[in-house]
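Trainee: Could you walk me through this one? I would like to understand what I am looking at, one piece at a time.

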Amino acid sequence: MKSMTGYGKGVVEKNNKKCTIELKSVNHRFLDLSFKMPKIFSAFEDTMRKEISSKIARGHIDIFITYEAIEGEDKNLVFNKSVASQYVDIAKKMELEFGIANDITCVNLLKCPYVVEIGINEENEEELKDLVLSSLNIALDNLIKMREVEGDNLKTSFNGFLNEIEEVTTLIEKQAPNVVSEYRDNLEKRIKEYLVDVEYDEAKLLNEVAVFSDRVCIDEEITRLFAHIKHMREIFTRTNPIGRDCDFLVQEFNRESNTIASKSNNIVITDYALKLKSIIEKMREQVQNIE
């Protein structure tokens, strides 16, 4: 089991070039990737997406990439004229709109993002691709390790929840037969109180009890709860992503506990059903983090 939250970092230096990649992951229904990187890496985005998706199935991941050419290396600076022109135009509009001095200078413009970037010669493209993929794989390995640690913690919590559900369901199973017998005894007692010295039809009494028994029977719900517990424990032994299966089962747990609560005509079983719902709500909060 893996969590969808985690952090991983990879740093690789080769041939006077240094690439640092940081990955921050949180829960998400699908695999959602957000890249924040220098323009020179845009050509490798599709390759990086494929690399990440081959190792991670779900989660929102922010990918932060920084690149540094060590001193002595030809940095091949590139001037983005269109970007610079937009900064100049915006400065002029701000001057007219707000009545403030337009003190933009070349030095100020050089500090603006993406006006000047580190370019790359075509002959160095494969070298840079190798650099970024190497650092990405290191970051992915570290991210996966953290997600596995968090996943083990989640697994421990869920096993605890399953044990609690199993205990409460066993108590409900023991109490369930008393519902019908208590109803029959109470009904017969009321009949005798209201119909003093009057004979009543025993067959009608039994028929009423039978109808009530069918209406409040929770045997199927109890059986399904035990089956869901067994199924979830089996799911925990898998190595592939299990988050969606676990989420579905938690919904089924909730459905059965709601049915038991609605059918119950016994204060003890009602209390147990409410306890079940409390445990399941804790599961619902945490299941969203399972990959």
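Trainee: Is Cys246 buried or exposed?

Mentor: Cys246 counts as buried, because its relative accessibility is 0%, and buried means under 20%. Keep in mind as we go that this is a predicted model.

Trainee: And what about Cys19, buried or exposed?

Mentor: Cys19 is buried too, with a relative accessible area of 0%.

Trainee: How many disulfides are there, then?

Mentor: The structure holds zero disulfides.

Trainee: Back to Cys246, which other residues of H7 are buried?

Mentor: Besides Cys246, the buried residues of H7 include Gly243, Leu249, Val250 and Phe253, and the list also takes in Glu252, Asn254, Glu256, Ser257 and Ile260.

Trainee: How far apart are the end C-alpha atoms of H7, and what span should we expect?

Mentor: Helix H7 covers residues 243-263, which is 21 residues, so at 1.5 Å a residue it should span 30 Å.

Trainee: Which residues do ring pairs link into a cluster?

Mentor: Phe41, Phe44 and Tyr67 are linked into a cluster by ring pairs.

Trainee: Can you show me another pair?

Mentor: Phe158 and Phe161 also form an edge-to-face pair, 5.9 Å centre to centre with 75° between the planes. Because they are three residues apart in helix H4 (residues 125-194), about one helical turn separates them. Phe158 is buried, with a relative accessible area of 0%, and Phe161 is buried at 9%.

Trainee: Where is Glu164, and is it buried or partly exposed?

Mentor: Glu164 is in helix H4, and its relative accessibility of 33% makes it partly exposed.

Trainee: How far apart are Glu164 and Ile279 in sequence and in space?

Mentor: In sequence Glu164 and Ile279 are 115 residues apart, yet in space their C-alpha atoms are 7.6 Å apart.

Terms used: Residues are numbered from 1 along each chain as its sequence is written. This is a predicted model: local features need pLDDT of at least 70, side-chain atom pairs count only at pLDDT 80 or more; totals for chains, interfaces and linings use all residues. Side-chain values use heavy atoms; hydrogens and water are left out. Helices (H or I, at least four residues) and strands (E, at least two) are DSSP runs, numbered from the N terminus. The expected span of a helix is 1.5 Å times one less than its number of residues. Buried means under 20% relative accessible area, exposed over 50%, partly exposed in between (1.4 Å probe, protein chains only). Rings of Phe, Tyr and Trp (its six-membered ring) pair if their centres lie within 6.5 Å; planes under 30 degrees apart count as stacked, over 60 as edge-to-face and the rest as tilted. A disulfide is a pair of cysteine sulfur atoms within 2.5 Å.
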